[in-house]
Amino acid sequence: MAEQKKPEKRMVNEKSKDEDLEQFREDSTGQYLTTNQGVRVSHTDDSLKSGERGPTLMEDFHFREKLTHFDHERIPERVVHARGSGAHGYFQVYESMAEYTKAAFLQDPSKKTPVFVRFSTVVGSRGSADTVRDVRGFATKFYTEEGTYDLVGNNMPVFFIQDAIKFPDLVHAIKPEQPNEMPQASAAHDTFWDFVGNLPEITHMIMWVLSDRALPRSYRMMQGFGVHTFRFVNAAGKGRFVKFHWRPLLGVHSLVWDETQKIAGKDPDFNRRDLWEAIEMGDYPEYELGVQIIEEEDEFKFDFDLLDATKIVPEEDVPIRWIGKMTLNRNPDNFFAETEQVAFHPGNVVPGIDFTNDPLLQGRLFSYLDTQLIRLGGPNFHEIPINRPLAPLHNNQREGYHRMMINRGQTSYFPNALRDNYPRPAPEEEGGYVHYTEKVEGRKVRARSESFKDHFSQAALFWNSMSDPEKEHIVKAFHFELGKVEDVEVRKRVVDLINNVDGDLAVRIAEGIGVSPPATKGGAGVTKKSPNLSQLTTMMDTIKSRKIAVLLAEGFNHAELMQVTQALKGAGAHPQIISQFHGTVRSSDGQEVMVDKSYVTTASVLFDAVYIPGGKQHIETLKTHGYAIHFINEAFKHCKPIGATGEGVDLLTAADLEGVETASPEADGDVLSRQGVVTIRNPKGIDSFNERYIEAIARHRHWDREKKERVPA
Ligand code: HDD
């Protein structure tokens with residue numbers, strides 16, 4: 001027998017994903033219009049007719065092709081996570097993780113692995129608003145040299161259910177109701193809460209979904225989690241459990257409920273626009289990847305099961321190690337081609353990363369490939385540019401709808417002698433994926449492990465770890481969600497369920513929704529806290545990329561405006577001039593400034609903070625502008641930082657910010673910072689004003705103000 005050729009060493013593809021996509025890009029600038037066959041078109045405004053007023057002719061191939069293509073433009077939206085926004089970028093590990101995993105993209109700190117990330121809401125349709133109360137998807141595709149790895153996570157570390165077989169029930173319950181397809185993109189209706197009241201395992205996730213985590217200020221300011229326990233495997237074949245985390249370098253920040261509802265009208269694309277604009281402006285979102293690594297011998301040392309996706313591994317038990325950073329630095333060229341057609345799959349793993357027996361994960365391993373077959377119309381969706389691996393691919397799969405690859409050679413089977421067995425399986429040392437040799441045995445049972453049955457302790461841990469304002473937000477969220485439920489028995493059952501977590505919380509919920517509190521006050525008997533579950537422990541030392549509204553009318557103080565806006569820009573924020581009309585406004589010393597937005601094209605809810613410079617005439621005018629007063633009141637009500645200098649302080653007095661002290665006319669040069677309202681009368685002290693104002697913005701929100709119910713907005 002002739003000696004067999006050795007397969008070539010893996011050709012590491014050094015192309016970036018951007019270069020890879022180049023061959024598919026089209027730019028029609030300077031080009032003639034053609035048909036899909038490349039025939040130049042001479043006229044596209046009238047169909048071909050028999051006489052000017054006669055019938056259209058079948059032979060009009062341009063008309064038929066144009067209409068037919070249009071008629072087929074839509075594909076089914078994702079059954080969940082239909083609304084999403086994507087971005088390209090790269091990932092770099094800080095130091096080699098070889099001790100824990102052999103995954104090539106986690107070895108070399110100098111290597112940049114291209115990524116594509118899609119953020120999403122879960123429940124709403126493709127055209128629904130961004131700021132609804134919902135979990136956010138955080139799915140990352142790493143185009144590694146060993147093949148594509150997908151980390152398909154969410155912005156919450158736990159899930160609603162423990163076994164994938166319940167996923168269709170969950171989704172049917174939370175999606176709009178059957179008879180009338182209402183409400184859109186909202187859990188606040190009877191069927192969802194009916195499901196909740198009958199499914200104790202959902203309790204922990206409900207606490208997260210009703211918390212501020214469900215209202216992210218930005219995709220750039222939320223965490224991500226792999227949720228399941230996965231496995232790292234090193235070159236020696238040693239396996240360890242691993243939990244994945246993403247943390248944003250801008251800190252974790254949320255909107256407030258009233259604000260989210262208003263934004264849904266003012267700018268339904270709020271989070272999508274935010275991501276897009278940030279990348280266009282060079283404010284590249286950055287996230288660190290973290291891992292919690294657990295030795296196999298420690299599998300049973302926790303009071304919950306590592307295979308249960310309704311549980312976290314508290315940081316106090318296993319600290320997070322931050323191992324690398326992802327930077328998103330390029331917007332897609334075409335939403336449909338990239339963000340819509342991208343297909344994630346938790347089963348896309350590379351050597352060094354493996355699964356566990358988490359029954360939720362196991363079910364996902366089936367569902368994602370299956371769903372793409374209907375959504376993307378056949379088995380060749382991996383050939384769509386955004387889904388193509390950067391690693392070369394060779395196998396004996398053939399044909400099917402929309403096949404792009406032109407396979408050469410006589411054979412499409414294995415084994416074969418005609419082509420020396422090519423393409424042939426790679427041994428492990430040549431990068432062949434070998435599944436972790438976990439020992440499994442047992443009887444076939446349709447059952448849930450006893451170790452999955454504590455549904456309330458971690459829900460209580462989460463509740464205990466919240467700050468007072470966060471707790472208040474959760475109670476109010478229950479009031480809203482259950483307040484929308486028409487069936488009183490459904491409301492009651494949820495109150496009874498929450499009584500298992502915390503008796504006082506159950507009473508506070510009952511109070512707001514017209515049902516009697518549980519007969520006996522219950523609770524999970526957990527007093528522990530895990531401080532980092534609260535968003536108030538997040539980074540609060542940067543104002544990078546925050547949007548600051550500057551309210552202006554004719555006659556403002558130009559020097560103050562410049563000093564403050566320069567300082568804000570210096571700290572990385574983006575001040576925008578808001579005035580009654582578009583065009584320009586003139587300062588007291590005759591300088592013209594361009595207006596970015598007029599009152600009617602924007603609103604306070606679209607900004608992170610407000611600033612009002614001095615200028616006598618300008619303030620007298622603003623006092624008469626209902627929009628300006630409303631702008632301030634609303635920003636105040638939403639606990640946003642407000643800054644005013646010189647006569648600007650008088651506008652705050654006119655807006656009546658219920659008892660918050662501002663700098664008095666006599667206070668010469670002293671800055672006053674009270675509950676995020678920062679004021680100064682004399683511009684001499686503007687530098688210290690800037691410092692305090694920037695500090696107040698970095699804190700994001702000033703929750704003390706929430707108690708001031710009287711402030712109109
Ligand atoms: Fe899922 C999409 C995240 C459980 C079935 N899921 C989808 C996306 C994300 C997640 C981020 C959108 C990906 C994209 O942007 O295209 N899903 C999760 C997480 C889960 C989870 C973090 C629990 C830990 N999912 C889950 C289960 C099932 C599914 C248990 C079914 C058994 N998910 C799907 C799906 C989707 C999907 C139906 C819809 C579109 C798609 O897959 O591509 O297959």
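**Entry 1: layout**

I started with the domains: the protein is divided into domain 1 (84-160 + 200-386), domain 2 (456-537) and domain 3 (547-705). These bounds come from an automatic or database domain assignment. I noted that the C-alpha centres of domain 1 and domain 3 lie 38 Å apart. Their contact takes 15 residues from domain 1 and 14 residues from domain 3, with contact meaning heavy atoms within 4.5 Å.

A note to myself on the model: it is predicted, so local features need pLDDT of at least 70 and side-chain atom pairs count only at pLDDT 80 or more, while totals for chains, interfaces and linings use all residues. Residues are numbered from 1 along each chain as its sequence is written, and side-chain values use heavy atoms, with hydrogens and water left out.

**Entry 2: the ligand and its iron**

Which protein atom is a donor to the iron atom of the ligand? I found Tyr368 (OH), at 1.8 Å, as the only protein donor. Donors here are N, O and S atoms within 2.8 Å of the metal (3.2 Å for Na, K and Ca); water is not among the atoms, so sites may look incomplete. Tyrosine 368 sits in helix H9 (residues 359-375). Helices (H or I, at least four residues) and strands (E, at least two) are DSSP runs, numbered from the N terminus.

Next I looked at the shell around the ligand. I count a residue as near when one of its heavy atoms lies within 4 Å. There are 22 such residues around the ligand, and the closest are Arg78, Arg118, Arg364, Tyr368 and Gln372. By type, the shell divides into 11 nonpolar, 8 polar and 3 charged residues.

An N or O atom in the side chain of arginine 78 is 2.8 Å from an oxygen atom of the ligand. Histidine 81 has a side-chain N or O atom 3.4 Å from a nitrogen atom of the ligand. For glutamine 372, a polar side-chain atom lies 2.8 Å from a ligand oxygen atom. Strand E3 (136-144), strand E4 (147-154) and H9 are the elements that give two or more residues to the shell. H9 gives the most, with 6 residues.

Most residues other than glycine have a negative phi, and most peptide bonds are trans. I listed the exceptions I came across.

The peptide bond from phenylalanine 414 to proline 415 is cis, with omega near 5°. The bond from tyrosine 422 to proline 423 is cis too, with omega near -10°. Proline 415 is in the loop between H9 and helix H10 (457-465), and proline 423 is also found between H9 and H10.

Glutamate 181 has a positive phi, near 50°, and lies in the loop between helix H3 (167-174) and helix H4 (190-197). Serine 545 has a positive phi of about 70° and lies in the loop between helix H13 (503-513) and strand E11 (547-551). Which of these is buried and which exposed? Glutamate 181 is exposed because its relative accessibility is 60%, whereas serine 545 is buried at 5%. The cut-offs are under 20% relative accessible area for buried, over 50% for exposed and partly exposed in between (1.4 Å probe, protein chains only).

**Entry 3: packing**

I checked H10: 8 of its 9 residues are buried. Among them are Leu461, Phe462 and Trp463. The buried residues of H10 pack against helix H5 (203-209), helix H11 (468-483) and H13.

Threonine 101 is in the loop between strand E1 (84-93) and strand E2 (113-121), and it is buried, with a relative accessible area of 0%. Leaving aside neighbours within four places in sequence, its contacts include Phe232, Val233, Asn234 and Ile353.

Beyond neighbours within four places in sequence, arginine 493 is in contact with Asp194, Gly197 and Asn198.

How values were computed: A polar contact is a pair of N or O atoms within 3.5 Å; within protein, one must be able to donate a hydrogen and the other to accept it, and residues adjacent in sequence count only if both atoms are side-chain atoms. Ala, Val, Leu, Ile, Met, Phe, Trp, Tyr, Cys and Pro count as nonpolar, Asp, Glu, Lys and Arg as charged, and the others, Gly among them, as polar.
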